[in-house]
Amino acid sequence: GSATSMAVGYVKLNWDVSGELALGIFSAMDAGSLFLMHFTNNIWACYAGYLAFKACYMLLITIATFQIAVNLSMERYALMFGFNNFIALAIQTILTIVVVDSRGLGLDISTQFLIYGSYFTVISGIFLIRSTYTIFSIKCR
């Protein structure tokens with residue numbers, strides 16, 4: 001994960017155009033690795049899926065943080081990233097209570113992979129639709 005995050009700094013892309021496309025692609029890869037872990041019983045395939053998920057997720061977070069930071073002034077970094085971390089932690093806690101906890105759905109681990117894979121599929125779809133719109137609007141100008 002850290003190697004992929006470091007590699008982002010060396011990639012020369014127009015992130016204004018390609019940023020959301022990259023977020024969509026890496027979200028889809030995260031969804032694919034979670035679905036792999038759901039649909040297989042092979043432990044080595046699950047380990048490979050986990051490694052792929054973790055690397056893509058770290059890259060996803062790095063790109064998303066960069067996309068947010070580009071549009072902020074230096075004085076707003078701490079406030080924005082503190083608020084983002086707080087909201088992310090709140091959403092993660094709610095999702096964990098709903099999906100994992102016995103007071104919620106209390107799902108088994110395989111079903112959790114299916115739920116989280118579906119979540120990343122929806123996120124990927126949103127990013128890919130938005131990036132397609134952005135690329136087409138730029139090309140039409």
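Here are a few friendly notes on this predicted model.

1. Overall build. The protein chain has five helices and zero strands, so reading from the N terminus the order of elements is simply α-α-α-α-α. Along the principal axes, its C-alpha atoms fill a box of roughly 50 × 30 × 30 Å.

2. Packing and surface. Of the 141 residues in the protein chain, 24% are buried. Among contacts between residues at least 6 apart in sequence, 65% join residues at least 24 apart. The chain exposes about 9500 Å², and carbon and sulfur atoms supply 71% of that area.

3. A nonpolar patch to look at. Leu21, Ile25, Met29 and Leu128 form a nonpolar patch on the surface, and together they have about 290 Å² of accessible area. Helix α2 (residues 15-39) gives the largest share of the patch, with three residues. Met29 sits in helix α2. With a relative accessibility of 43%, Met29 counts as partly exposed, because that class lies between the 20% limit for buried and the 50% limit for exposed.

4. The cysteines. How many disulfides are there? The count comes to zero. Cys46 is in no disulfide, and its nearest cysteine sulfur, that of Cys56, is 16 Å away. Cys56 is likewise in no disulfide, with the sulfur of Cys46 as its nearest, 16 Å away. A disulfide would need the two sulfur atoms within 2.5 Å.

5. Buried or exposed? Cys46 has a relative accessible area of 17%, so Cys46 is buried. Cys56, at 8%, is buried too. Both calls rest on the cut-off for buried, which is under 20%.

Note on methods. Residues are numbered from 1 along each chain as its sequence is written. This is a predicted model: local features need pLDDT of at least 70, side-chain atom pairs count only at pLDDT 80 or more; totals for chains, interfaces and linings use all residues. Side-chain values use heavy atoms; hydrogens and water are left out. Patches are made of residues with over 30% relative accessible area and no salt bridge: like charges are joined within 9 Å, nonpolar side chains (Val, Leu, Ile, Met, Phe, Trp, Tyr) within 5 Å. Accessible areas come from the Shrake-Rupley method with a 1.4 Å probe; for residues, only the protein chains shown count as cover. A salt bridge is a side-chain nitrogen of Lys or Arg within 4 Å of a carboxyl oxygen of Asp or Glu. Helices (H or I, at least four residues) and strands (E, at least two) are DSSP runs, numbered from the N terminus. Buried means under 20% relative accessible area, exposed over 50%, partly exposed in between (1.4 Å probe, protein chains only). Contact means heavy atoms within 4.5 Å.
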